[in-house]
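Work through the exercises below with the sequence and the model open. Try each task before reading its solution.

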Amino acid sequence: MPPDPRLKQPSQPPPWRIAIAGGGVAGLSLALALKQALGDAVEANVFDPALGRDPGGDRRAFALAAGVRRMLQALGVWDGIDAGAQPILDMVVTDSRLADPVRPTFLTFEGAVEPGEPFAHMVESGALTAALLHACRAAGVGLHPVGVRGFMLGPEVIRIERADGTRSEAPLLVAADGARSQLREEAGIGWVGWSYPQSGIVATVAHERDHEGRAVEHFLPSGPFAMLPLAPGGPLGHRSSIVWTERAEAVPDLLALDREGALAEVERRFGLQLGRIALETDLRAYPLAFGVARRFGAERLALLGDAAHVIHPIAGQGLNLGLKDAAALAESIVDAVRLGLDPGGADVLAAYERARRFDTVAMGMVTDGLNRLFSNDALLIRLLRDFGLGLVDRLPALKRVFIREAAGLTGATPRLMQGEAL
């Protein structure tokens, strides 16, 4: 029997070099997973100018799904952020106009996927990034505060040029360099997507009363206004993160408001149920879009996170999708190396594509549909959607399905997101 051609070793012997362009949460998680699983058999290097800056000042907050929490626990990172993480214990959905005196509740969710396991936790970005950096250093991941300028394919390797002019080679380059990925464009990978006539505004709000772990999603004609619970603290004792979707043309005037005017606009949407409020951070806005790469890889190149897809934040799943990418790609690479296969080979990249494309496109379509359904004020559509919300609220089995989907525990779930070590 002839030897399996996939077992042919490239000219570069182990340790296998994996280069990751982008030191965000997804890129760092991938590097850590590879190094912990393969040890000296892999050399994981992360390149990003941001690695030269202190991440502690990043006050953005993310809802980490239960599957992601299991992944971070398996990687030994969760214990470092658990004290500052706020579990989401339940969720309330309302639908109203901004001027309506009453915001009726149409849908409520209990927050547990398993007894004692919330479907999500709120975590601040700076704390998560700092914990990942600490774990990466301890594991021996190479962290380089320089970007990747470009690449060139060579025999059985990809030749990488860094922004400082230095060059290196690796069997695999991972592009985790964001939605406007230069490496994706250089590889000639197409992009399908569109911009929304909306922007997302984020801030941290301090308030007097305890949120009791409750997340609230107000559907307003301009888009959803989410109030997401944070760990206690701040000048008033309690805090929440807001993710405010607003019509793009209204955003410049909102950002130009002084502190008092901005607080008044937030208060109109936030309500008074948590007592007096104050802005703990300034309002920050970013444009909203949907997009997905036509392929999640090219020869010796894999796309990760926002370089592969961006979605509307209506379901809070953007970062979770990127971490699921990292778990799936790590699994494909680790399995290949243990079988003696080339980690940058076509079979590895094809397995990653199969694992992630359907889930990504499906989530993107769901978030796009929800945004179009709820970000309008047509009377008939309003009546239909409120009827649908009320119907779902009366079907506990269906609500459990939605909760498990939000927790990242449906479909093909990578082993890391099941809490299993690679």
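**Exercise 1: Fold and overall shape**

Task: Find what share of the contacts with a separation of 6 or more in the protein chain comes from residues 24 or more positions apart.

Solution. Take a contact as heavy atoms within 4.5 Å. Of the contacts in the protein chain with a separation of 6 or more, 75% link residues 24 or more positions apart. This is a predicted model: local features need pLDDT of at least 70, side-chain atom pairs count only at pLDDT 80 or more, and totals for chains, interfaces and linings use all residues. Residues are numbered from 1 along each chain as its sequence is written, and side-chain values use heavy atoms, with hydrogens and water left out.

Next, list the secondary structure. The protein chain has ten helices and 23 strands. Helices (H or I, at least four residues) and strands (E, at least two) are DSSP runs, numbered from the N terminus.

Now check the dimensions. The C-alpha trace spans about 75 × 45 × 40 Å along its principal axes. The radius of gyration of the protein chain is 22 Å, which agrees with the value near 22 Å for a compact globule of 422 residues. That radius is taken over C-alpha atoms, and the globule rule is 2.2 Å times the number of residues to the power 0.38.

Finish with burial. Of the 422 residues, 54% count as buried. Buried means under 20% relative accessible area, exposed over 50%, partly exposed in between (1.4 Å probe, protein chains only).

**Exercise 2: The setting of His218**

Task: Decide whether His218 is buried or exposed, and find which side chain it joins in a polar contact.

Solution. Start with the position: His218 belongs to strand 16 (residues 214-220). Its relative accessible area is 4%, so His218 is buried. Then look at the side chains. His218 and Thr94 form a polar contact of 2.6 Å. Such a contact is a pair of N or O atoms within 3.5 Å; within protein, one must be able to donate a hydrogen and the other to accept it, and residues adjacent in sequence count only if both atoms are side-chain atoms. Beyond four places in sequence, the contacts of His218 include Arg103, Phe225, Arg269 and Gln273.
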